[in-house]
Amino acid sequence: TDLLSAPLQVLWPRDVTHYAATIFLDDSRVVTTLGDSGLGSRVDPAVRQRVLVEGEKYFGQADVVDREYFAAYMPLKDFRGRTIGILGIGAERDIYVDLRNRTVTLFSSLIVLGMSFGFIMTYLFSGWLVRPIGELAKGMDRVAGGDFSYKVRFKAADELGTLARAFNHMVRAVKERDIRLREMTDERLSQMEKQVSIGRLAAGVAHEVNNPLTSVLSLSMMMRKHMETADPRVEDLDIIIEETTRCREIVRSLLDFARERPVEMRVMEIHEILRETLVLTRRYPSMKQVETSLDPSPEPIRVSCDPKQLQQVFTNVIINAAEAMEEGGGTIHIDVDEDSSGGYVVVQVRDDGKGMNREQLARIFEPFYTTKGSRKGTGLGLSVSLGIVQKHKGTIDIESQPGRGTNVVIHLPRVLGDHRPVRG
């Protein structure tokens with residue numbers, strides 16, 4: 001009995017009266033803490049089946065001397081491994097239920113307290129975190145609305161403070177760029193207004209100058225026709241005719257640049273326009289020293305365009321390429337293909353000429369800017385070409401490096417499917 005009382009004192013030192021421990025020999029109690037009344041009584045049949053017959057441990061409810069206990073039983077074996085008895089220990093059912101309820105209550109209370117503490121900490125943390133983020137969101141809305149004077153005014157040494165300082169720095173930089181952009185825009189608008197005024201004035205002057213130039217040229221050619229070749233005035237007259245012709249070409253280019261001619265749109269095959277352009281450009285003197293190579297796309301590509309205006313664009317680009325190679329000759333490569341989307345045709349005109357630097361590329365589309373010198377161009381060709389391509393909802397890009405030639409890339413919307421010619 002003392003042997004069995006020891007573990008009860010360890011497990012339940014305050015009160016062992018409601019707990020019991022028993023040793024069974026086979027299924028009979030031979031030693032128990034229940035007193036002499038329990039000696040010789042039998043173990044619960046369910047326990048006997050589980051422990052003695054099956055050789056397994058038993059945990060659960062069991063009848064102990066006409067009382068209900070929650071107990072645990074394990075088999076006792078001899079040195080040969082045969083089950084010869086049972087060791088059992090348990091507590092009265094009411095005591096066990098009370099202990100279980102108190103344990104559940106304790107753990108439930110701990111869980112509720114933990115969740116409450118977590119909710120409180122989450123609320124405090126979210127307030128500490130959300131307030132600065134809310135101020136940043138408010139600042140972004142204000143800045144997006146054009147208020148560049150807004151400043152986030154909370155200070156902290158953590159990541160949110162770093163974010164607030166970065167936001168204020170960004171707003172300050174955006175404000176400075178906005179001021180510079182407005183200054184540049186005002187300056188550019190002023191320049192554009194001046195250019196428009198100059199263009200109108202130049203167009204008016206061109207109209208006035210064109211008629212006298214035509215008269216001078218016509219009379220000079222008539223005089224030259226009736227003069228003898230040996231006449232010493234012939235040389236001077238030839239110079240007059242040459243310079244007057246050049247002046248008339250400049251005036252004509254200026255009038256073409258200023259004139260808004262209605263566009264006649266038709267669905268055309270791009271290769272057909274290019275082939276006709278190459279036939280027309282053969283008569284130019286600058287084309288005598290160069291060759292042209294047309295690499296068409298594998299399939300026909302159609303565009304909606306004014307063919308005469310597109311011929312003017314291609315002619316200008318090809319002649320520019322030829323004049324860039326006029327001294328040493330070379331080949332003008334013309335490639336036609338569709339872009340990756342299939343919605344645009346891409347026409348590339350590459351030459352092996354002297355190329356252009358960045359400063360020249362930046363001004364290449366400006367009216368009256370030319371790299372050919374005063375006697376070879378008016379600087380209106382690419383300006384007119386850009387206007388024509390933009391009317392056709394396309395773009396012109398120019399890539400060039402000194403000594404490596406120039407590549408002009410023209411994108412035009414492609415017509416898909418079967419379309420009939422359209423007038424516009």
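This report describes selected features of one predicted model, from its aromatic rings to its salt bridges.

## Basis of the description

The model is a predicted one, in which local features need pLDDT of at least 70 and side-chain atom pairs count only at pLDDT 80 or more, while totals for chains, interfaces and linings use all residues. Residues are numbered from 1 along each chain as its sequence is written, and side-chain values use heavy atoms, with hydrogens and water left out.

## A cluster of aromatic rings

Two aromatic pairs are present in the structure; rings of Phe, Tyr and Trp (its six-membered ring) pair if their centres lie within 6.5 Å, and planes under 30 degrees apart count as stacked, over 60 as edge-to-face and the rest as tilted. Strands here are DSSP runs (E, at least two residues), as helices are (H or I, at least four), and both are numbered from the N terminus. Phenylalanine 24 and tyrosine 73 are both buried, where buried means under 20% relative accessible area, exposed means over 50% and partly exposed lies in between (1.4 Å probe, protein chains only).

Tyrosine 73 also pairs with tyrosine 58, again in a tilted arrangement, with 6.1 Å from centre to centre and 55 degrees between the planes. Because tyrosine 58 lies in strand β3 (residues 58-64) and tyrosine 73 in strand β4, this pair ties together parts that are 15 residues apart in sequence. Tyrosine 58 and tyrosine 73 are both buried, and the ring pairs link Phe24, Tyr58 and Tyr73 into a cluster.

Helix α7 is mostly covered, since 14 of its 18 residues are buried.

An α-helix has 3.6 residues a turn, so residues three or four places apart point the same way.

## Residues in loops

Serine 297 lies in the loop between β7 (290-295) and β8 (302-305), and it is buried, with a relative accessible area of 10%. The side chain of serine 297 reaches the backbone oxygen of glutamate 299 at 2.6 Å.

Aspartate 26, in the loop between β1 and β2 (28-32), has a positive phi of about 60 degrees although it is not a glycine. At 40% relative accessibility, aspartate 26 counts as partly exposed. Lysine 393, in the loop between α9 (381-391) and β11 (395-400), has a phi near 60 degrees, a positive value in a residue other than glycine; at 66% relative accessibility, lysine 393 counts as exposed.

## Salt bridges

The whole structure holds 10 salt bridges, each being a side-chain nitrogen of Lys or Arg within 4 Å of a carboxyl oxygen of Asp or Glu. One of them joins aspartate 78 and arginine 82, whose closest N and O atoms are 3.1 Å apart, and aspartate 78 is buried at 18% relative accessible area. Another joins arginine 233 and aspartate 231, with the closest N and O atoms 3.0 Å apart; arginine 233 is exposed, at 54%, whereas aspartate 231 counts as buried, at 19%.

Glutamate 338 forms a salt bridge with arginine 414, the closest N and O atoms being 2.1 Å apart. This pair links distant parts of the chain, with glutamate 338 in strand β9 (residues 330-338) and arginine 414 in strand β12 (residues 406-415), 76 residues apart. Glutamate 338 is partly exposed, with a relative accessible area of 32%, while arginine 414 is buried, at 17%. Finally, salt bridges that share partners join Asp27, Arg42 and Arg48 into one network.

How values were computed:
Polar contact = N/O pair within 3.5 Å; in protein donor to acceptor, adjacent residues only side chain to side chain.
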